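Here is a short briefing to read alongside the model. Keep the viewer open and follow the topics in turn.

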Amino acid sequence: MIKAVVFDVGETLIDETRIWSRWADRLGVSRFVMMGALGGMAALDRSHREAFELVRPGIDIQAELAAWERDEPDGLRNHFDADDLYPDVREALAGLRAAGHQVIIAGNQPARAYDALVAMDLPVDSVHTSDGWGVSKPAAEFFAKVAAIAGREPAEILYVGDRLDNDVLPAAGAGMRTALLRRGPWGHLHAERPRARAADLIVDDLPSLLPAIAGLT
């Protein structure tokens with residue numbers, strides 16, 4: 001029986017369209033080019049960071065981030081806020097909690113993301129980030145932290161994310177049940193791959209989780 005449902009952040013709860021659009025504007029390329037480069041990296045199983053190098057060869061990302069912060073100290077820059085939540089998030093999380101499930105957010109995110117997520121006052125039991133834990137997905141230690149925070153056996157936990165490599169496969173390797181969300185470039189691409197069969201569930205939106213969980217044995 002699933003007792004805890006744990007969510008990834010980017011392209012699971014947070015729509016990253018504005019973030020990548022801001023990056024395109026910052027780097028002086030069209031948003032179409034930026035999105036295309038990102039989709040290409042997803043299709044090739046390469047890091048999204050390589051999209052920066054593709055559109056701006058030789059870029060020093062850390063130096064660019066520092067310059068961006070100096071230029072727009074009060075702007076969102078490459079961060080998110082409540083306006084970036086997918087519209088089905090609050091209702092779906094609330095529904096899971098009302099059904100008696102423990103609901104946790106735990107994803108690969110910087111420290112600032114923790115504050116942003118907490119400020120949204122989402123119907124969850126706790127929020128955690130890789131920076132806060134000092135370990136990132138897909139490391140086994142990350143999923144060990146998830147189980148420890150939940151206080152559950154791994155088989156009682158459903159981990160929900162949009163990627164096979166960072167979410168479904170390592171969570172399954174840790175003994176958890178998994179749901180692949182067909183959302184964002186990775187989610188749509190990965191749902192079509194043979195290894196997607198490793199997921200216990202493949203869903204198109206978050207409200208689909210609650211009835212689907214009921215069918216898990």
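**Backbone, pocket and packing**

Aspartate 45 sits in the loop between α2 (31–43) and α3; helices (H or I, at least four residues) and strands (E, at least two) are DSSP runs, numbered from the N terminus. The model is predicted, so local features need pLDDT of at least 70 and side-chain atom pairs count only at pLDDT 80 or more, while totals for chains, interfaces and linings use all residues. Residues are numbered from 1 along each chain as its sequence is written, and side-chain values use heavy atoms, with hydrogens and water left out.

**Backbone points to check**

- Most residues other than glycine have a negative phi, and most peptide bonds are trans.
- Aspartate 45 has a positive phi, near 60 degrees, and counts as exposed at 52% relative accessibility (buried means under 20% relative accessible area, exposed over 50%, partly exposed in between, with a 1.4 Å probe and protein chains only).
- Glutamate 11 has a positive phi near 60 degrees too, and is found in the loop between β1 (4–7) and α1.
- Glutamate 11 counts as buried, because its relative accessibility is 7%.
- Aspartate 121, which follows α6, has a positive phi near 55 degrees.
- A cis peptide bond runs from lysine 137 to proline 138, with omega near 10 degrees; proline 138 belongs to the loop between α7 and α8 (140–150).

**The largest pocket**

- The largest pocket has a volume of about 1,100 Å³.
- Of its 36 lining residues, His48, Arg49, Asn108, Gln109 and Pro110 are the closest to its centre.
- On a 1 Å grid over the protein atoms alone, a pocket is an open set of points where a 1.4 Å probe fits, with protein on both sides within 12 Å along at least five of seven lines; lining residues have an atom within 4 Å of a point.
- Grid points are joined across faces, edges and corners, and the volume is the space filled by probe spheres set on the points.
- Helices that each supply at least two residues of the lining are α1 (17–27), α3 (49–55), α4 (61–71), α6 (111–119), α7 (130–133) and α9 (164–173).
- The lining has 14 nonpolar, 11 polar and 11 charged residues, where Ala, Val, Leu, Ile, Met, Phe, Trp, Tyr, Cys and Pro count as nonpolar, Asp, Glu, Lys and Arg as charged, and the others, Gly among them, as polar.

- Ala113, Ala116 and Leu117 of α6 are buried.
- These residues lie on the same side of α6, because they cover an arc of only 95 degrees around the axis (taken from the directions from the helix axis to the C-beta atoms).
- Asp115 and Ala119 are exposed on the other side of α6.
- The buried residues of α6 pack against β2 (102–107) and β3 (126–129), with contact meaning heavy atoms within 4.5 Å.
- β2 and β3 run parallel and are joined by four bridges (two strands pair if DSSP finds at least two bridges between them).
- Glycine 107 has threonine 129 of β3 as its bridge partner.
- From β3, Ser126 and His128 point one way and Val127 and Thr129 the other, and all are buried.

**Alanine 179**

- Alanine 179 lies in strand β5 (residues 177–181), and counts as buried at 0% relative accessibility.
- Leaving aside neighbours within four places in sequence, alanine 179 is in contact with Leu158, Tyr159, Val160, Gly161, Val168, Leu201 and Leu209.
- Arginine 163 is 16 residues from alanine 179 in sequence and 9.6 Å from it in space, C-alpha to C-alpha.
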